[in-house]
Amino acid sequence: MKKEVKSSVPADSEIVLGILNDSKETLSRLYISYFPMVLQLVLKNSGNEDDAKDVFQESVIVLYNKVKAGNFELNSKLKTFLYSVCRRLWLKRLNEQSKTTRNIQDFSEIIAVEDDLEKHEEKDRQFELMESALIQLGEPCKTIIEDYYIHNRSMQEICEKFGYTNADNAKTQKYKCLQRLKKLFFQT
Amino acid sequence: MKSDLELTNLIDAYLKGELTGSVLADFEQLRKSDPSFDMKVVEHRNFILNLSDYGSRVKLSSDMNAIHESLDIQAIKDEVAPEAPKLRRLWKKYRVNTAIAASVAFIAVSATLLSTGYFSKSISTNVNLLRREINSIKRSQNALIKNINDKPSKGPADPGEFGGTGFALSSNGYVVTNFHVVKGADSVYVQNSEGEAFKVKLIYIDPAYDLAVLQITDPSFEKLASLPYTFKKAASDVGEDVFTIGFPRDEQVLGKGYVSAKNGYAGDTVAYQVSIPVNPGNSGGPLLDNRGNVIGIINGKQALLDGAAFAIKSSFILKSIEAIPQDSLDEKLVVNKRNTLAGLSRKDQFKKLEPYIYMVKVY
């Protein structure tokens with residue numbers, strides 16, 4: 001029954017470096033190398049490919065956050081880390097669906113990842129808060145905020161994009177938007 | 001004092017590293033001197049970090065989705081988890097349920113059968129073979145000693161384990177009975193109506209017709225007078241009155257009836273169906289018609305059904321006799337051809353037949 005998934009796997013250190021540099025190529029290689037393993041895990045344990053996709057992407061986010069927070073130590077293989085995270089996430093989902101989890105079929109060794117997942121859950125809450133706050137904020141505030149703070153556009157560009165007569169007007173607008181966003185974010 | 005708006009813009013500029021020269025120095029100075037301002041900067045920075053985390057995660061997700069779109073998921077799926085055939089998938093999914101259901105069914109069936117006594121009955125046939133299990137007296141030490149002390153001159157002291165009936169084939173000591181009566185016997189004795197027992201040996205068996213031919217080997221045996229009955233070669237008709245004599249107990253019992261069908265149990269052409277009262281112990285008894293011809297030999301009756309006994313047709317007895325290699329016999333086996341029973345009343349017939357009918361005891 002057990003079948004090892006074989007593919008050319010990039011070195012772990014390369015991937016960590018790639019993540020720190022926001023390399024798209026690294027993400028792609030990571031995805032291609034490790035997604036099959038997770039797909040196998042989920043399919044063999046009463047899930048479908050969409051479940052596998054969700055679980056795997058979540059685990060990649062966990063990995064990214066961990067690497068970017070700077071406290072990633074390569075004390076286990078990246079593969080084992082991802083597998084363990086996915087396994088935990090999938091078990092949790094199965095539990096939520098109150099499906100039996102008597103014996104999950106394993107395909108790889110596992111390590112304890114509870115701490116990472118706790119951190120991830122906290123981040124996840126923040127993410128959802130921010131997401132809902134931004135949605136409530138509405139246009140054009142949302143785009144202004146995103147452009148300025150996330151995409152790091154200059155006030156001048158924003159000014160032109162939204163047709164403000166001068167940068168000061170834009171700055172005022174951005175300030176008002178930010179205040180509203182903060183209010184929305186912290187009130188919930 | 002600057003307005004909140006101006007301050008925020010300043011902090012934004014600071015965080016983006018747009019401040020230079022004296023403005024930066026002023027800003028740093030202000031942070032150091034004014035803790036509430038410093039707090040404001042930290043708060044703002046944290047929020048912005050939060051915002052950018054959100055941004056990078058959105059980007060990461062969309063990047064991953066793009067990669068996911070480009071993958072051939074079905075191919076990967078086939079590689080990592082080859083689809084089992086539907087039947088096997090269903091089996092895997094439901095095998096526990098199936099096992100439980102099967103066990104429950106098995107237990108229920110067994111319990112039902114057990115409680116209705118199904119297992120205690122023999123199910124191989126609905127025909128009860130009519131050999132009698134003699135209620136054997138416990139063979140106590142005392143009995144044994146008694147036997148040693150005054151050993152009877154003839155026959156064994158202990159009653160046999162099984163009993164049936166047999167009748168003489170010829171005057172020189174050949175007796176026919178059912179195979180099932182003598183089956184598995186250690187030794188076989190026949191006992192006549194006088195109570196004399198003779199040791200016999202098995203000289204021929206025919207399990208297919210359920211027949212066995214015995215020869216009395218006991219030295220105390222004296223030749224009989226010539227047989228009063230003959231063996232009928234032709235088949236008897238349905239409705240013919242018949243009678244039998246047997247040993248359902250330790251005494252000869254006469255039973256009277258008629259041939260009720262040409263064939264036996266389940267269309268068995270070897271036997272007749274006879275409507276006649278028979279009991280265990282009647283097996284091997286002769287079935288005679290009114291004129292005293294042996295037309296068959298009683299061998300069984302149908303279970304759970306009244307008045308359906310079966311008798312092996314006499315033609316098969318004759319066939320069996322023919323099948324015995326004559327060379328191997330000590331004495332010639334000649335079948336009687338003269339009938340002296342015809343025209344007699346039933347009680348006279350019984351009297352004449354009495355000495356030729358034996359109880360067969362099997363040990």
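**Note on chains A and B of a predicted model**

1. Asp210(B) sits in the loop that links strand 6 (197-206) to strand 7 (211-216) of chain B. Strands here are DSSP runs of E with at least two residues, helices are runs of H or I with at least four, and both are numbered from the N terminus. Phi of Asp210(B) is near 55°, a positive value in a residue other than glycine. Most residues other than glycine have a negative phi. Asp210(B) counts as buried because 24 C-beta neighbours lie inside 10 Å. The cut-offs: buried needs 20 or more other C-beta atoms within 10 Å of the residue's own, exposed means 12 or fewer, and partly exposed falls in between, with C-beta atoms placed from the backbone.

2. Basis of the model. This is a predicted model, in which local features need pLDDT of at least 70 and side-chain atom pairs count only at pLDDT 80 or more, while totals for chains, interfaces and linings use all residues. Residues are numbered from 1 along each chain as its sequence is written, and chains are lettered from A and ligands numbered from 1 in the order in which they are written.

3. Asp22(A) also deserves a look. Its phi is near 55°, again positive in a residue other than glycine. Asp22(A) is placed in the loop between helix 1 (12-20) and helix 2 (24-44) of chain A. Is Asp22(A) buried or partly exposed? It counts as partly exposed, because it has 14 C-beta neighbours inside 10 Å.

4. Val213(B) belongs to strand 7 of chain B. It has 25 C-beta neighbours inside 10 Å and so counts as buried. Leaving out residues up to four places away in sequence, Val213(B) touches Leu169(B), Tyr174(B), Val176(B), Ile203(B), Tyr204(B), Ser320(B) and Ile324(B). Contact means C-beta atoms, placed from the backbone, within 7 Å. Val200(B) is 13 residues from Val213(B) in sequence and 9.9 Å away in space, C-alpha to C-alpha.

5. Chain B overall. It has nine helices and 15 strands. Of its 363 residues, 31% count as buried. Take the contacts in chain B between residues at least 6 apart in sequence: 67% of these join residues at least 24 apart.

6. The interface. Here 24 residues of chain B are in contact with 30 residues of chain A. On the chain B side, helix 1 (4-15), helix 3 (35-70) and helix 4 (73-80) each supply at least two residues. Helix 3 of chain B gives the most, with 14 residues. By class, that side has 13 nonpolar, seven polar and four charged residues. Nonpolar covers Ala, Val, Leu, Ile, Met, Phe, Trp, Tyr, Cys and Pro; charged covers Asp, Glu, Lys and Arg; the others, Gly among them, are polar.

Note on methods:
Contact = placed C-beta atoms within 7 Å.
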